[in-house]
Amino acid sequence: MSQAPQPRSVSDSQSEMTELVLPNDTNTLGNLLGGRLMHFIDLVGAMAAYRHARAHVVTASMEHIDFIAPVHVGDLVILKASVNRAFQTSMDVGVKAWVENAMAGTRRHVSSAYLTFVAVDENGRRLPVPPLVAVTPEELRRHEDAGRRRQQREREHERRRQNEAAREALSPAPADR
Ligand SMILES: CC(C)(COP(=O)(O)OP(=O)(O)OC[C@H]1O[C@@H](n2cnc3c(N)ncnc32)[C@H](O)[C@@H]1OP(=O)(O)O)[C@@H](O)C(=O)NCCC(=O)NCCS
């Protein structure tokens, strides 16, 4: 019989990544492409989820992302990811990105995002994830916020499902036309 996964702390899976912005990553103004930054965010978020679950993970959603300031070619992008909350098979992960100008020695916050990852086996079947132990006030706040995000997502999902059902009820089936 398989054992229940052991609880893990937030620090067990916190992950960090640094990327140098090269010309290939930029738009016609020499600024980092938003899609490229999203790729970095997805990667570092997946690292934290992978470490927490100790299993393969897939991205279920990238829920909220802000691009606060442009990032220029030659800048360093520093990304940090933490698991905020573990549910049954999914994990809410927060990612924060900063840009560092190595020449000027400055660093500022450029982006934040929340993602959900789901643990799966080699065949894509969902796997239970270990509970997350939130200890510090900051970890507890993030844990609560993740619960609120999930409730909001479920309400939105239900609202869309009802809208879809209402639209289908109004449009005649092909055989009736
Ligand atoms: C994510 C995925 C595994 C969910 O599988 P599913 O059979 O739809 O599963 P369910 O609806 O039963 O939900 C399973 C879990 O995922 C969570 N979940 C599902 N869709 C979600 C979404 N859009 N956002 C956040 N969480 C989501 C559920 O809340 C549930 O969490 P829990 O087990 O912790 O309670 C499946 O949709 C999938 O494989 N998607 C493709 C993933 C992928 O390829 N990602 C890369 C995209 S480029």
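**Reading the model**

Reply: Helix H2 has 34 residues and spans 50 Å from its first C-alpha to its last, close to the 50 Å expected at 1.5 Å a residue. The expected span is 1.5 Å times one less than the number of residues. Helices (H or I, at least four residues) and strands (E, at least two) are DSSP runs, numbered from the N terminus. This is a predicted model, in which local features need pLDDT of at least 70 and side-chain atom pairs count only at pLDDT 80 or more, while totals for chains, interfaces and linings use all residues. Residues are numbered from 1 along each chain as its sequence is written.

Me: Is H2 largely buried or in the open?

Reply: A residue is buried if 20 or more other C-beta atoms, placed from the backbone, lie within 10 Å of its own, exposed if 12 or fewer, and partly exposed in between. Two of the 34 residues of H2 are buried, so this helix lies largely in the open.

Me: What is the order of the strands in the sheet?

Reply: Strands of a sheet pair through backbone hydrogen bonds, either parallel or antiparallel. Here two strands count as paired if DSSP finds at least two bridges between them. The five strands form an open sheet in the order S2-S4-S5-S6-S3, with antiparallel pairing. Strands S2 (15-20) and S3 (56-67) stand at the edges with a single partner each, so one side of each has no neighbour in the sheet. Ten bridges join S3 to the antiparallel strand S6 (residues 106-120), and Ile 65 stands opposite Ala 113 in S6.

Me: Which residues of the largest nonpolar core touch the most other members?

Reply: In soluble globular proteins, nonpolar side chains tend to be buried together. A nonpolar core is a set of buried Ala, Val, Leu, Ile, Met, Phe, Trp, Tyr and Cys residues joined through C-beta atoms within 7 Å. The largest core has 34 residues, of which Ala 49, Val 93 and Val 95 touch the most other members. H1, S4, S5 and S6 each give two or more residues to this core, and the largest share, nine residues, comes from H1.

Me: Which element gives the most to the shell around the ligand?

Reply: A residue is near a molecule if its C-beta atom, placed from the backbone, lies within 6 Å of it. S3 gives the most to the ligand's shell, with four residues. Among the surrounding residues are Val 58, Thr 59, Arg 126 and Arg 153.
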